[in-house]
Amino acid sequence: MQRALASSGASRITDYEPFLSVTSKRRQPSPIRSLQPLLELPGMISLGGGMPNTSFFPIKGVDVHLTDGTTLPIQGVDMNAALQYSSSYGVTEFVEWLKDYQTREHHPPYASRKDWHVCVTNGSSDANAKAFEMLIDPDDYVLVENPTYSGSLAGLRPLGCRLVGVETDHSGLSPTHLRSLLDSWPVDRPKPKVLYVIPTGQNPSGATLPEERRREIYGIAQQHNLIILEDDPYFHLQLDKQQDDEPLKSFLSMDVDGRVVRFDSFSKIISSGFRIGWATGPAPLIERIQLHQQASTLHVSGLSQVVLLTLLKNWGEEGFKRHIAMVQEGYRQRRDLFCKLAEKHLTGLAEWHPPSAGMFVWFKALGVRSTEKMIKERALAQKVLLVPGVAFTPNGEESSFVRASFSTASPDDMDEALRRFAALLHEERNAHHQ
């Protein structure tokens, strides 16, 4: 069987087996896990699964205290659901909330709600890792942005795949370079079947793909029959977005072919410690991710899911929007201050573009070919933590860039850290001129 369909233009994918890795094809449903959805059928009596009796659990309830003074009690059947095993897709009511949310936010253009699904994961990084394993075999060629998130590189490299970096600029991945790579792909190499992209507030560059580029990239994916892995944990950190603005079009919202798997996360907007993300995409692919979960974690923490669901139901749609707007305003203020301080200390020493989303500024150190040693050794000695650009290059290429985060440092610490960084850049340039 061929690994991909003929690249003759737009075509809805009906058979996903050519995209699956050998490992994923071998996964089979757990005979015990498959009983879990049946427990919710009215009148069902279970003597099958090895579920513990909740009456022996020592926890009766939990009170969640919000920062606005509200207390949310979780007791009874909700507490039992939090403490008991659940479906590997996630707690049923929470999964339905997520599907409703994705419908409102992204309007996935599927013929039926049954054609697509969501699976709750231990953060979006967990979803990424499971999707990589689902689609990628050793020696496959995989398209990634250059630079791209170091955590995803850590998940990709052990698979033995060959990473192909696609050029980026301050507006994100270059469709021109992507098209050039694929149109001129050597006939003696298997073509890539996966494109991994971080479209909003890209980590590390902070770049956000404009809608025109997104549509062009999706068209290229159609032409060359790619699965797009849309990793979007910073979707709600669009810092220049007003509450009444039209939402930024996601790849999921354009997906007329069933070729996008999208990853979202609550880590940046509610809690990173909850470890709750979710994958959305064609039902056959989400099922494969869920089968992986059956064989590993079984499911995400029920307590985290139920606490979060209780909070979201308490807020309602408008309350959730108000919370997101508050978070955006907080990060907007931090970005603006950080960039103002960067101008104060780094003008003439580095170049950067203020990000329109996310929590990172991507500095290009002028006159410095590689920032790796400077950041790993001398910056550490000066007690300022930054990440050298080489950490984000697909194949370890040297880089003149540095990633800085403005998410947690106080205004005074931002000022001092950038002053120390500027001093290091002065020293580096002076050393090269001697």
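User: What covers the buried residues of helix 3?

Analyst: Buried means under 20% relative accessible area, with a 1.4 Å probe and protein chains only; contact means heavy atoms within 4.5 Å. Helices (H or I, at least four residues) and strands (E, at least two) are DSSP runs, numbered from the N terminus. In this predicted model, the cover of helix 3 includes strand 3 (116–121), helix 8 (251–254), strand 9 (260–265), strand 10 (277–282) and helix 10 (302–346). Among the buried residues of helix 3 are Phe94, Trp97 and Tyr101.

The model is predicted: local features need pLDDT of at least 70, side-chain atom pairs count only at pLDDT 80 or more, and totals for chains, interfaces and linings use all residues. Residues are numbered from 1 along each chain as its sequence is written, and side-chain values use heavy atoms, leaving out hydrogens and water.

User: In what order do the 8 strands form the open sheet?

Analyst: Strands of a sheet pair through backbone hydrogen bonds, either parallel or antiparallel. Two strands count as paired if DSSP finds at least two bridges between them. Here the order is 3-10-9-8-7-4-5-6, with mixed pairing. Strand 3 and strand 6 (172–173) are at the edges with a single partner strand each, so one side of each has no neighbour in the sheet. Strand 8 (residues 227–231) pairs with strand 9 in the parallel sense over 4 bridges, and Ile228 stands opposite Val260 in strand 9.

User: Is Ser267 buried or exposed?

Analyst: Ser267 counts as buried because its relative accessibility is 14%. Ser267 lies in the loop between strand 9 and strand 10.

Note on methods:
Buried < 20%, exposed > 50% of the residue type's maximum accessible area, 1.4 Å probe, protein only.
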